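Subject: Structure handover

Hi,

Here is the structure I promised to pass on. Please load it first, then read my notes below.

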Amino acid sequence: MPNCPTCAAINRRRFLRSLLPGAMAFSVLAAAQPAKAEKIPKALILTCIDYRMLESERYFLSLKNLGGQYDWTALAGGAFALTGYPHKADAEAFWDQLEISTRVHHIQKVILIDHQDCGAYATGVDANLTKDPVREQEVHTKYLSQAYWAIRDRYPDLNIELYFATLKAEMKSILPLSRS
């Protein structure tokens, strides 16, 4: 029987069939490439957690040609959170996110967006802040500016943009105040 041509053919087929799954798996794995993101983030965005602002913020960012190419961090109060309000951990979380975003995604820009009628500012600064729109924007400008300089100190090569959003979806560009 060892010289039987039929037996030899059956054994060869069994042998080849046993190799087939491994060969297919090897060819698939050999051709596999590491996962690559289709879009690379260009910026880190810091906003408040307020759900009322999400749609207008996303629309604004699309107008800036970011097309979803950003890392997004949302903390109660936005820039105000960098002061440690309501918790020091909020500021630490932002700095951790910014460090990761610069190291891993090589972002070139940080965009900070505060908004009108913010509950964090109302509880942490002044409950009547929204009654005086001029003062409200001034207070936000103060905290946006503080955040600007804190980021600039740690990441001098990043571009930083500041905005104040109204409830009517207007995005007002804010120039940072000089250091105090």
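**What I found**

Of the 180 residues in the protein chain, 36% are buried. Keep in mind that this is a predicted model.

**Overall layout**

The protein chain holds five helices and five strands. Along the sequence, their order is α-β-α-β-α-β-α-α-β-β. Take the contacts between residues at least 6 apart in sequence: 73% of them join residues at least 24 apart. The exposed surface comes to about 11,300 Å², and carbon and sulfur atoms supply 57% of that.

**Strand β3 and its partners**

Start with β3, residues 109-115. Six of its seven residues are buried, leaving the strand mostly covered. It pairs with β1 (residues 43-47), running parallel, through five bridges. There, L44 sits opposite V110 of β3. β3 also pairs with β4 (residues 159-165), again in the parallel sense, over seven bridges. In that pairing, H115 has A165 of β4 as its bridge partner.

**Helix α3**

Next is α3, residues 88-105. Its 18 residues reach 25 Å from first C-alpha to last, close to the 26 Å expected at 1.5 Å a residue. Which residues of α3 are buried? They are D90, A91, F94, W95, L98, S101 and T102. These lie on the same side of α3, because they cover an arc of only 140° around the axis. The general rule behind such spacing: an α-helix has 3.6 residues a turn, so residues three or four places apart point the same way. The buried residues of α3 pack against β1, β2 (70-74), β3 and α5 (133-154). Just after the helix, H106 takes a positive phi of about 55°. Have a look at that residue in the viewer.

**Helix α5**

Last is α5. At 1.5 Å a residue, its 22 residues should span 32 Å, and the end C-alpha atoms are 32 Å apart, so the two agree. Its buried residues are E136, V139, H140, T141, Y143, L144, S145, A147, Y148, I151 and R152. What covers them? The cover includes α3, β3, α4 (119-124), β4 and β5 (171-174).

**Where to look**

Best wishes

Methods
Residues numbered from 1 in each chain as written. Predicted model: local features only at pLDDT ≥ 70, side-chain atom pairs only at ≥ 80, totals over all residues. Heavy atoms only, no water. Buried < 20%, exposed > 50% of the residue type's maximum accessible area, 1.4 Å probe, protein only. Helix = DSSP H or I, 4+ residues; strand = E, 2+ residues; numbered from the N terminus. Pairing = 2+ DSSP bridges. Expected span 1.5 Å × (residues − 1). Arc of directions from axis to C-beta. Contact = heavy atoms within 4.5 Å. Areas by Shrake-Rupley, 256 points an atom, 1.4 Å probe, with all protein chains shown as cover.
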